[in-house]
Amino acid sequence: MSATVTAEKATPPAPTRSRRLSLPRVLLIISGALLALCAVRVITGADNITGSSQIAAALSLAVPIGLAGLGGLWAERAGIVNIGLEGMMILGTFFGAWAGYQWGPWTGVLVGVLAGAIGGLVHAVATVSFGVDHIISGVAINILALGATSYLAKRWFEPLAHLGASPKQSPAVDDLPSFTVPGLSDGLRSLESHHWFLVSDLAGILGGLVTNVSALTALTVLLVVGSYFVLWRTPFGLRLRSCGENPLAAESLGVNVYLYKYAAVATSGALAGLGGVFLAMVRSHIYNEGQTGGRGYIGLAAMIFGNWRPGGLAAGAGLFGYSDALQLRNGGTTVHALLLLISVVLLLLAVWKIYRKSYLTGAVSAGFAVLVLVWYFMTDTVPNEMVGATPYVVTLLVMALAAQKLRMPKYNNKPYRKGQAG
């Protein structure tokens, strides 16, 4: 008597859907956002929403946020949380302006970057070599950087009062070179002045991106692209990212984990220092105490919004830079016009959540949509105090909406000691 064994075919596992947005989806999102802005501009008459001056201001404000976020990305991809980005930016503003007024702007850029890198190395020594908690070390660096620069400013800048300096301000620094695309800028400005739907909006956006662009802005774009290439397309980047995902496995394969963590955190500090240099030498041409204004923390938010990837980080920095620029260009009226867009976005979010059977979140979103819409129709402008808080409110809203589909490096903020793999 023979037994017949029927082999069941193994059911293949269901394919997992990638969380990364494909290029068509990204283009669709950008197109939808652009059309929504165009519609709001036409309905409300707030031409500054897509004006070239607004976009140029947003670009210059997005650069230091993007550089801080890029610094955070380098550190966290190696498993080190760098809350000290704010302090490293402060070091960049102070030492960049101090060296810039004495030896020229490009020397100031170099010194500011080196000052940020030194701050990064201090963070690396504390967290990598001595195992200090990453958050505690970062907060300590922020406090030390603020205290040290305040003390040195009184010692170095107060005697230079005849040059316009003070205990909280440096002498003026010469301009860094900037460029405008000839011919294109004037043509786009002409199209923008007609206020045509979509065409003038595109002209305003492109005009703001090609007019009076600082050399450091162009350098930042190259750094974002270069960071993606180095971290995702080279063996060095693969080893560095492995230190943030599984340093024990990386060590077992011969990777010097300490060396890669040191390199990542030093690079992180250098990028944050460059962001500080931009604030001191491009935005204002002087060092001012407190001029970073929390942009190191906003840079971290942009990094998280971008899911620890350079492209998403750049989009987050652009969003936060745009919200920061609103207070510079007739902000009350512009923010009031954007209330209409916010209410529509919240309403669409409510419909989507209800469709996904998340009834509580949908109801809350719908309630806020109604409140924002009532606010829009009952007022003509937004108070200046609320306009000044717009970047921070946008940061909180974006983080609340984006936090559900994020994946940080697995070994982030976890202690690692050499030899554990053995």
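This is a predicted model: local features need pLDDT of at least 70, side-chain atom pairs count only at pLDDT 80 or more; totals for chains, interfaces and linings use all residues.
**Entry 1: Pro-409**

I started with Pro-409, which counts as buried at 2% relative accessibility. I placed Pro-409 in the segment after H17. Then I asked which residues Pro-409 is in contact with, leaving aside its neighbours within four places in sequence. I got Glu-76, Arg-77, Gly-244, Glu-245 and Trp-308.

**Entry 2: positive phi**

Still in the segment after helix H17 (390-402), I looked up Asn-413. Asn-413 is not a glycine, but its phi is positive, about 60°. Is Asn-413 buried or partly exposed? Its relative accessibility is 32%, so I put it down as partly exposed; the cut-off for buried is under 20%.

His-285 went on the list as well: not a glycine either, and with a positive phi of about 65°. I found His-285 in the loop between H11 and helix H12 (295-305). With a relative accessible area of 27%, His-285 is partly exposed.

I also wrote down Gly-104, which follows H3 and has a positive phi near 105°.

**Entry 3: helix H3**

H3 covers residues 85-103, 19 residues in total. How far does H3 reach from its first C-alpha to its last? I noted 26 Å, close to the 27 Å expected at 1.5 Å a residue. Next I checked burial: 15 of the 19 residues of H3 are buried, so the helix is largely enclosed by the rest of the structure. I jotted a reminder that an α-helix has 3.6 residues a turn, so residues three or four places apart point the same way.

**Entry 4: the cavity**

How many cavities of 30 Å³ or more does the structure hold? I wrote down one. The largest cavity has about 30 Å³ of space in it. H3 and helix H5 (134-156) are the elements that give two or more residues to its lining. I listed the lining of the largest cavity: Ile-90, Thr-93, Leu-146, Thr-149, Tyr-287, Asn-288, Glu-289, Gly-290, Gln-291 and Thr-292. Sorted by class, that lining has three nonpolar, six polar and one charged residues.

**Entry 5: the second largest pocket**

I then went to the second largest pocket, with about 470 Å³ of space. It is lined by 28 residues, and the closest to its centre are Ala-56, Thr-211, Asn-212, Val-213 and Ser-214. Which element supplies the largest share of this lining? I found that H2 does, with six residues. Those supplying at least two residues each are helix H2 (52-77), helix H6 (184-193), helix H7 (199-210), strand S2 (213-214) and helix H11 (257-283). By class, I noted 11 nonpolar, 12 polar and five charged residues in the lining of this pocket.

**Entry 6: cysteines**

Cys-243 has a relative accessible area of 0% and is buried.

Conventions
Residues are numbered from 1 along each chain as its sequence is written. Side-chain values use heavy atoms; hydrogens and water are left out. Helices (H or I, at least four residues) and strands (E, at least two) are DSSP runs, numbered from the N terminus. The expected span of a helix is 1.5 Å times one less than its number of residues. Buried means under 20% relative accessible area, exposed over 50%, partly exposed in between (1.4 Å probe, protein chains only). On a 1 Å grid over the protein atoms alone, a cavity is a set of points where a 1.4 Å probe fits but cannot get out, and a pocket is an open set with protein on both sides within 12 Å along at least five of seven lines; lining residues have an atom within 4 Å of a point. Grid points are joined across faces, edges and corners, and a volume is the space filled by probe spheres set on the points. Ala, Val, Leu, Ile, Met, Phe, Trp, Tyr, Cys and Pro count as nonpolar, Asp, Glu, Lys and Arg as charged, and the others, Gly among them, as polar. Contact means heavy atoms within 4.5 Å.
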